[in-house]
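Reader: I would like to go through this model by question and answer. Please keep each reply brisk.

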Amino acid sequence: MQVVDIEAEKKEILKRYRSLLLSCKRRLDANDKKQIRKAFEISLEAHKDMRRKSGEPYIYHPIAVAQIAASEIGLGATSIICALLHDVVEDTDTTLEDIKGMFGEKVMQIIDGLTKISGVFDHTPSLQAENFRKMLLTLSDDIRVILIKLADRLHNMRTLESMARDKQIKIASETLYMYTPLAHRLGLNVMKVELEDLGLKYTEPSVFEDITKKLQETESERTRYINVFIQPIIENLKEQKIDYEIKGRVKSIYSIWNKMKTQGIPFEEIYDIFAIRIIIKSSIEQEKSDCWRVYSLVTDFYHPNPDRLRDWISTPKSTGYESLHTTVMGPEGKWVEVQIRSERMNEIAEIGYAAHWKYKESAAENALDGWIKKIRELLESPESNALDFIDDFKLNLFAEEIFVFTPKGELKTLPIKATTLDFAYEIHSQLGNKCIGGKVNNKLVPLSHKLNSGDQIEILTSQKQKPKDDWLNYVVTARAKSKIKLALKEEKRKIAIKGRETVEKKLKQLDASFTKSNVAILVDFFKVKNNLELYYRISIGNISIKTLKDFTVEKGKLIPKNTLPKKLESKKLEELVSEVRGNSGMLVIGENLDKIDYKLSPCCTPIPGDDVFGFVTVDEGINIHRTNCPNAIQLMSNYAYRIVKAKWTNQEKISFLAGIKITGTDEVGIVNNITKIISNELNVNMRSISFDTNDGIFEGNIMVFVQDTNHLKELIKKLKKVPGVVNVIRMDSN
Ligand code: MN
C-alpha cells in the first residue's frame, strides 16, 4: 500500500492553486479572487475523499482544468470558477440551486451545461452521438461550456498514462474523432495540435515514437538551416525598425504522419517539415500593410512560388484565422514556408475565437454566430439519425474552404469540392430542391460541377425538379446533405401512404386488426427498419404482401408460421465478442478461425504483417481491419466494445490480396517490364491490372497476391528500380 503524506499533499494543493491564480492572463479584481477562492474551497471539500487513477488527489484535476482555461485559452474569472466546479454537481450532493445561490445564474447555467454533457461518451454509439448533439446545442447557449469541456479533455489526455490500455485506446480515439475537429473549428489550434499528437501517441504508439525519434535526429540540421535562412531577413527587419519575433515552427507529429499516409511517402521525403513564422508588433490600423511590407522584404531575398501565396489577411478563414503565407526558394534549393502575422493575429491563430472576445471584433463574432446558427439548424432538423449527423458534421469541421460569389456579389464561404448544388442549398433549401443546374461565370454547368474560389454562380431552377437519391453524391456540405435527406424522406412518406392502405386492407381480409403490434410483427418479419420503410417498400412493389399466407391469426393477432432463420441474431453480441476473445483475449487469424466466420475487410485489404484488429458484426462475422484503416478511428471510438485485438499466426503460407499504385514517366516497354517483375521474378500472382497514360505520365493500379508485408515490401522495392518508375505505394483501398 502506498503511504500518503497528507501534510505534504495539502501544501502541494495550495501550491497548485496559487500557480493557477498567477497564470491567469486576464486581470482579476478583488471580488473575482474571492469568488475563485470560494469555488476552490467547495471543490476541495467535495472531492476530498476522491483520488484519480494515478493515485493523486482528485482536486489536482479541476485545478489543472481551470489552469488550462485561464492560461492556455485565456478565459476569465467565470470560466475559472466553472472549471473548478465542473465535476462537483455530478459527484456530490451539491445541487445546481446551491451553485446558483453561491455564484449566480450564469455560473449555474454553465455548470448545468457541463454536467449534462459529461456522459457524452457512453457505450452505445447512438447515445454517444445523441450526447454530442446536446453538446453542440449548448454551443449557442454559452460557448464557454465547450471551451471548458475541451480543457477537461486536454487534461485527461495529458494524464492518460495511468489508465488501462483499452481505456487509453478508447479515450484517444474519441478525442481524434470528435474533440480535435471541434477544437479546430473553434480555432484552438495549439490545443488541436496537442490533442492530435496525444491521440496518435496512444492509438499508434510505434508510429509516434518513430517520428519523434526522427525529428530529434534531424533537429540540429534543421536549426542550422533556419539560422542561415533568417540571417538576411533579420538584418533587414532591424534596419527598417520593425519590431518582430521569428520562430522556426516544426510540423506536428500527427500532421507529418497524415502526410506520410495520404501521400505514401517516407519521413525523409516530406519537404515542408518546418515553417518560419514572423510575428510583428503593430497596431490594428497598421498591421495589414506591415505584414505586406515584411512579405516584400522576404521576397527581396528569396524567390516566392506564386502558386503558394495564401492571403488570409484580406479574407480570414471561417475559423477566424488570419495570416499571410508564402513559400520561397531558400538556400540549397529547398522550399521554405514563411508565415507572416501580427501579434493579434498570432493570438487568434493559437486560441481562435477565445481571442476574439478580447479584441471585441464584430466581424469575427458574426462569423462564429453564423456558424453556430447553421449547427442549430442542422440539429433541429427532424432528420433523426444522430450518427449520420455526426459524420456529415465532421465533414464540415475539417474542410478547407473556397470563396465564391452570388450574382449580386455577396461572398459565400464553402468547403473545398463544393458543387453548384451545395451553393444552391447554401442560399436556400427551396433553391436547392428545385435546382437543375447553374451558370458559373456565365457558363452553363451541371448540378455536380465543382466550384473554384472566385466563381460567381447563378442557380437555375425548374418547378418540376425534385431531389433524387444520387444527389447525395454530388454535395459535400452537411447542410445540403441534411436538406436532401429530409426532402427524400418527405417523398418517401408520400409514396408510403399507398402501402399503408394496402397493409390495412390485407389485415382486414385476414381478420387481423390493424394495430401497432401487428405492424411491428410485419416489420420484424420482413426485416425492414421501421413502419415507413415497410409501407414504402410495399408501395413500390419491393415487398409483396398480396396474400399473407405466411401468417396465422389468433384473436386478431398476427402470428408468423415459420420465422425466417436468423443467422446470428439470437446470439447476443456480447456473447459473440467474449467467445472470439477466448482465453487469451486475442484473436489469432488463421488459427481459431475455422469456428469463427471472418473476412478481411475490403476497405483496407490487410495482409499478414500488418497491425490489425477485429470488428465484430452481427451478420457478417468478424471484419479484420488494419489499425491505420481510414475507418478505424471511427469504429474504435463509436464501437469500442465490439473491437477485438487480433494478430496473425505464422502458420502455413497463404496468399492475400493487396493493391499497389505505380506512377512514372511513360517509357517504351515499361508496362512489360513491370509485369515481368511481378510474375517472373517474385512469383507473385496478379489479379487485376490497369494502366492509364496521360501526357507522358502513366499511372498503374495492380492487385497482387502476396504472402505478407515483407513479401509486398520486396516487390515494391524491385518495382521502384524499373527505369521510368517514379513512385510505388501500397493502396489503402481498392
Ligand atoms: Mn473532469
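**Metal site and sheet**

Reader: Which protein donors hold the manganese ion, and at what distance do they lie?

Author: This is a predicted model. Its manganese ion has the protein donors His61 (NE2), His86 (NE2) and Asp152 (OD). They lie from the ion at 2.2 to 2.4 Å.

Reader: How many residues apart are His86 and Asp152?

Author: His86 sits in the loop between helix 4 (77–85) and helix 5 (88–91). Asp152 belongs to helix 9 (residues 144–158). The pair thus links distant parts of the chain, and the separation is 66 residues.

Reader: Is His86 buried or exposed?

Author: Buried means under 20% relative accessible area. Asp152 is in that class, and His86 is also buried.

Reader: What is the strand order in the open sheet of 3 strands, and which are the edge strands?

Author: The pairing is antiparallel, in the order 10-9-11. An edge strand here pairs on one side only. That gives strand 10 (443–445) and strand 11 (457–461).

Reader: What does the twist average from one strand to the next?

Author: The twist is taken from each strand to the next in the sheet. Its average is 30°.

Reader: Which helix packs on the sheet, and what angle does its direction make with that of strand 11?

Author: Helix 20 (residues 420–427) packs there. It touches strand 9, strand 10 and strand 11. With the direction of strand 11, the helix 20 direction makes about 85°.

Reader: Which residue in strand 10 stands opposite Val440?

Author: Strand 9 (residues 435–440) and strand 10 run antiparallel, joined by 3 bridges. Opposite Val440 stands Lys443.

Conventions
Residues are numbered from 1 along each chain as its sequence is written. This is a predicted model: local features need pLDDT of at least 70, side-chain atom pairs count only at pLDDT 80 or more; totals for chains, interfaces and linings use all residues. Side-chain values use heavy atoms; hydrogens and water are left out. Donors are N, O and S atoms within 2.8 Å of the metal (3.2 Å for Na, K and Ca); water is not among the atoms, so sites may look incomplete. Helices (H or I, at least four residues) and strands (E, at least two) are DSSP runs, numbered from the N terminus. Buried means under 20% relative accessible area, exposed over 50%, partly exposed in between (1.4 Å probe, protein chains only). Two strands pair if DSSP finds at least two bridges between them. Axes are lines fitted to C-alpha atoms, for helices over the stretch in contact, and angles run from 0 to 180 degrees between N-to-C directions. Contact means heavy atoms within 4.5 Å.
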